[in-house]
Amino acid sequence: MKEKIRIASGQGFWGDLPNAPIDQITKGPIDYLVLDYLAEVTMSILQKQKLRDSKKGFATDFVELMKTILSLAKEKNVKIISNAGGVNPIECAREIEKIAREKNIKIKIGIVFGDDILNEIENIQNIGIEFKNLDTGENISSIKNKIVSANVYFGADGIVEALKNGAECIITGRVTDAGMTLAPLIYEFGWDKNDYDKLASGIVAGHILECGAQSTGGNCSLDWETIPDLAHVGFPIVEAFSDGTFFVTKHKNSGGRVSVATVSEQLVYEIGDPKNYITPDCITDFTSIELLQVEENVVKVFGVKGNAPTEYLKISMAYADGFRTFGTLTFSWPNALKKAKLADEIIRKRVSDLGLNFEEIYSEFVGFNSTLGKSATDEEKLNEVLLRIGAHSHDEKSLKLFLKQIPPIVLTGPPGVTGYLGALPKPMEVFSYWPTLIPKNLVEPKINYIEVK
Amino acid sequence: MKIQLIQIAHARSGDKGNSANIGIIAKEKKYFSILEKYVTAEKVKELFSDRCFGKVTRYELPNLNALNFILENSLGGGGTRSLRNDSQGKTFSAVLLKMEIEIKERMEL
């Protein structure tokens, strides 16, 4: 057994800093590179792509990245774990196989799938599973014919098995972000399935890694002006030990900061009840976490407590819910806000005259209240204001006509308006989110391998 | 005395579906009791009454000198549907840090 394992985060979301994973693998020693590409909305977009082309539905940026780093990863014995597979992990793995063959890299690719239950919803309902909305309690019948994607969040299990079978690059569908970090810890240290304190430590490590530089100085609201060289921010690295203790750090020659403040902000990010942070592997008590700055850019994390998981897995479903669009106009001093408000009123009247169908029209005044809401103050001092007016409708045509009401304001509204040329984007499809549960015994991860010899 | 929360705390916010969470962290241990005493779920609900149409729940993390607030039904349908500039509640933390509270304690800031 290795004394310590270094797990590096290379990507906090699809679209994150392109160079980050390359820096992680070239600037210092690591054992695992973990890459997160999936968000709630991503699965439905990928499912739509797969409907149009059965060879699509995965994170293409991951394939591009592998062209750059796969041979280096092999050479340095760095294992790669990523949920880039999206709704088509097998096709994603085939793309990686092609790269390996072209570059003559001997590698075993592991594929963890079985999370996509879109085509099995009805069968599962027939045995009595209701798929009620976890947030609202609504019955699923209201969205039945509109479901676009349905993916079970698996835990670390499938990845652990792939590692045991020698996989060096593991591509998954929907697994929990934290599970991708927990898996190599279970595998390397032989942690028991019932050793909940250790599993919970791994989940905390995963939570700290899963949003990339958000734990190394990015988006940190404390002393942000003093955080060095964010242009070359180092993504987080966890150095973990078999007792569950770990250290959060980053490569020495990188920007950013690792402090109790930067790590704490990430720990409270997107959590619910901190005593009961539920994942498929265990329940983690975030109120047990202890942090200690041991040296510059090194924070020790210890004392984490965990409990047995629930008997359920979370499913992320998405359903088609109409279209949305936005238009923007920029208003200048004097009285920028007053002018923007008058223009908003005019657009709304003209839209209302057309007698179209909207679920919602929503206006904000960027520069005044789009972030602060009713806490906004000092309106008379504004140099300029951007009116951002959005609409949601189940009728795409209504939205197209809505958008046509925005540019005319330039010649038919209050004075000092510009920026209208960017005001005609296409209506976008809306996929609303339907969180729900499924008993664990009804689904399990499937694992496949592609070996390039 | 009157203080603004940004003087004693830092914060980060984000989304889970149509709920937002705001984690607010005291800059020093001694300020945590001020947060705990004065920044109640009711006050946060009032602060976001224009945008939060559901329940506000507060959780305490004394180990991190932090409070965590969950604001249900507050993102206009969540990141995939919302018409808002901040559809994921990323700047809700700033709204909370701008909040002013009247405290009985005297402290050097």
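This is a predicted model: local features need pLDDT of at least 70, side-chain atom pairs count only at pLDDT 80 or more; totals for chains, interfaces and linings use all residues.

Residues are numbered from 1 along each chain as its sequence is written, and chains are lettered from A and ligands numbered from 1 in the order in which they are written.

Chain B, then. It has three helices and six strands; these are DSSP runs, helices being H or I with at least four residues and strands E with at least two, numbered from the N terminus. Starting at the N terminus, the order is β-β-β-α-α-β-β-α-β. For chain B the radius of gyration is 14 Å, close to the 13 Å that the globule rule gives for 109 residues, so chain B is as compact as a globular protein of that length. That radius is taken over C-alpha atoms, and the rule is 2.2 Å times the number of residues to the power 0.38. The C-alpha trace of chain B spans about 45 × 25 × 20 Å along its principal axes.

Of its 109 residues, 52% count as buried. Buried means 20 or more other C-beta atoms within 10 Å of the residue's own, exposed means 12 or fewer, and partly exposed is in between, with C-beta atoms placed from the backbone.

Next, the sheet in chain B. Four strands form an open, antiparallel sheet in the order 2-3-5-4, where pairing requires that DSSP finds at least two bridges between two strands. Strand 2 (9-16) and strand 4 (56-61) of chain B are at the edges with a single partner strand each, so one side of each has no neighbour in the sheet. From one strand to the next, the twist averages 15°. Inside the sheet, strand 3 (residues 19-26) and strand 5 (residues 66-71) of chain B are antiparallel and share six bridges. Contact means C-beta atoms, placed from the backbone, within 7 Å; axes are lines fitted to C-alpha atoms, for helices over the stretch in contact, and angles run from 0 to 180 degrees between N-to-C directions.

Ile24(B) comes up again in the core. The largest nonpolar core has 153 residues, and Leu33(A), Ile159(A) and Ile24(B) have the most contacts inside it. Such a core is a set of buried Ala, Val, Leu, Ile, Met, Phe, Trp, Tyr and Cys residues joined through C-beta atoms within 7 Å. Beyond its neighbours within four places in sequence, Ile159(A) is in contact with residues including Ile81(A), Val112(A) and Ile170(A).

On to chain A. It is divided into domain 1 (4-115 + 153-310) and domain 2 (321-431), with bounds from an automatic or database domain assignment. The C-alpha centres of these two domains lie 39 Å apart.

Last, the interface. How many residues of chain B are in contact with chain A? There are 38, against 43 residues of chain A. Strand 2 of chain B gives the most to the side of chain B that touches chain A, with six residues.

Definitions and conventions
Two residues are in contact if their C-beta atoms, placed from the backbone, lie within 7 Å.
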